Amino acid sequence: MNDSASVPITSSALIIGAGPAGYTAAIYAARAGLAPVLVRGLQPGGQLTITTDVENYPGFADIIQGPWLMEQMAAQAEKMGTRLIDDVITAVDFAATPFAAHGDSGARYLADAVIIATGAQARWLGLPAEKKLAGAGVSACATCDGFFFRGKNVVVVGGGNTAVEEALYLTHHAARVTLIHRRDQLRAERILQERLFAHPKIRILWNSVVEDILGAGQPATVAGVRLRDTLTGAVSDLPTDGVFVAIGHTPNTAIFKGQIAMDAEGYIITTPGSTRTSRAGVFAAGDVQDKLFRQAVTAAGTGCMAALEAEKFLASRLATHDQAAA
Ligand code: NDP
């Protein structure tokens, strides 16, 4: 056994995940004197590190870069007194307190309160061009990137609520929006479908799958998509300036299964208006518990809530402990 495995890293508050939710929780927890430990995981900075321009995070009149914003949040959290650790939590034990977590490094973490901020990942089609053209016309977030397609033609892939909402949102910017769906029926709510069908800027391509995303220019940007008709097998190219993939998200919650309550899709269930989970002392913030808004600013907001609630939880435990000792 190495040293890191034998000597646990203890703290009042352990924060798992380093996106806007985790860093904001860290800033507030550190300012509250909780000396939090934040374990950053595989992708420090989270989804914002794969975004480029950010212009909807309040406080910046000029466009900022996603990775830069996350570096600033990390620096702020550290300056306030957070211990940032580059490790990946691979298992947790919330059955008893102190709560325990195990890192890929071999380190063991013990904490009186835990804030889960491990986020979610957009699902992708799995095409090599998605990676090549990410930030060059390929996106998984219309609210983040729609503005850059003013007056242009875009496609949205998917048939759920997200795809339909993204298509409707994009009509505020784009000249024409084409929704591409692999079946002949949407799974989105009826009211959203009605809005979609009625919109003059939107058309729908049914029974179609995107086989490739085509780039052009130097550096390459999206120029079109190659489609296959699932009924006839016919392949055709559709020119477009942007591709929004909206085929769902996967919350990063595998390691918490069986420890706290989750919904059927694996999102952590929190008490409405709170970040409390089914386990007292364990809080969840950001996209890991939010499938509706998924914005950096809402993640930061719930991160703040989680730290304040953790602080309150720890204070009440201390008070109970003092009473018992008196
Ligand atoms: P969903 O899982 O509901 O929908 C995913 C869509 O993508 C489906 O239409 C699916 O097709 C399609 N899809 C999946 N994989 C592929 C693929 N490889 N190629 C092509 N198409 C694919 O995800 P959403 O993100 O839309 O929604 C997630 C959850 O969040 C849902 O519970 C939803 O109701 C909720 N939500 C609610 C909102 C609201 O209430 N306003 C807004 C946004 C989300 P198929 O239908 O054939 O399976």
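Begin by selecting Phe283, which touches Ala113, Val114, Ile115, Ile116, Thr275, Arg276, Thr277, Ala306, Glu309, Ala310 and Phe313, leaving aside residues up to four places away in sequence; contact here means heavy atoms within 4.5 Å. The model is a predicted one, in which local features need pLDDT of at least 70 and side-chain atom pairs count only at pLDDT 80 or more, while totals for chains, interfaces and linings use all residues. Residues are numbered from 1 along each chain as its sequence is written, and side-chain values use heavy atoms, with hydrogens and water left out.

**The nonpolar cores**

Next, display Tyr23, Leu38, Tyr57, Leu69 and Ile115 together with Phe283: these have the most contacts inside the largest nonpolar core, which has 34 residues. Such a core is a set of buried Ala, Val, Leu, Ile, Met, Phe, Trp, Tyr and Cys residues joined through side-chain atoms within 4.5 Å. Buried means under 20% relative accessible area, exposed over 50%, and partly exposed in between (1.4 Å probe, protein chains only). At least two residues of this core come from each of β1 (9–16), α2, α3 (66–79), β8 (108–116) and α8. Helices (H or I, at least four residues) and strands (E, at least two) are DSSP runs numbered from the N terminus. The largest share, 8 residues, is supplied by α8. Ile16, Val39, Phe99 and Val282 are included in a second, separate core of 23 residues.

**Helices α2 and α8**

Select α2 (residues 20–31) and α8 (residues 296–325), which pack at an angle of about 35° with their axes 7 Å apart. Axes are lines fitted to C-alpha atoms, for helices over the stretch in contact, and angles run from 0 to 180 degrees between N-to-C directions. On the α2 side, the residues in contact are Pro20, Ala21, Thr24, Ala25, Tyr28 and Ala29; they meet Ala296, Ala299, Ala300, Gly303, Cys304, Ala307 and Leu308 of α8.

**The open sheet**

Move to the open sheet of 5 strands, ordered β10-β17-β11-β12-β13 with parallel pairing; two strands pair if DSSP finds at least two bridges between them. Both β10 (138–139) and β13 (202–205) stand at the edges with a single partner strand each, so one side of each lacks a neighbour in the sheet. Helix α6 (residues 161–170) packs on this sheet and touches β11, β12 (176–180), β13 and β17, its direction making about 170° with that of β11. Strands β11 (residues 153–157) and β17 (residues 242–245) pair in the parallel sense over 4 bridges, and Val156 stands opposite Phe244 in β17.

**Arg195**

Finish at Arg195 in helix α7 (residues 190–198), which is partly exposed at 45% relative accessibility.
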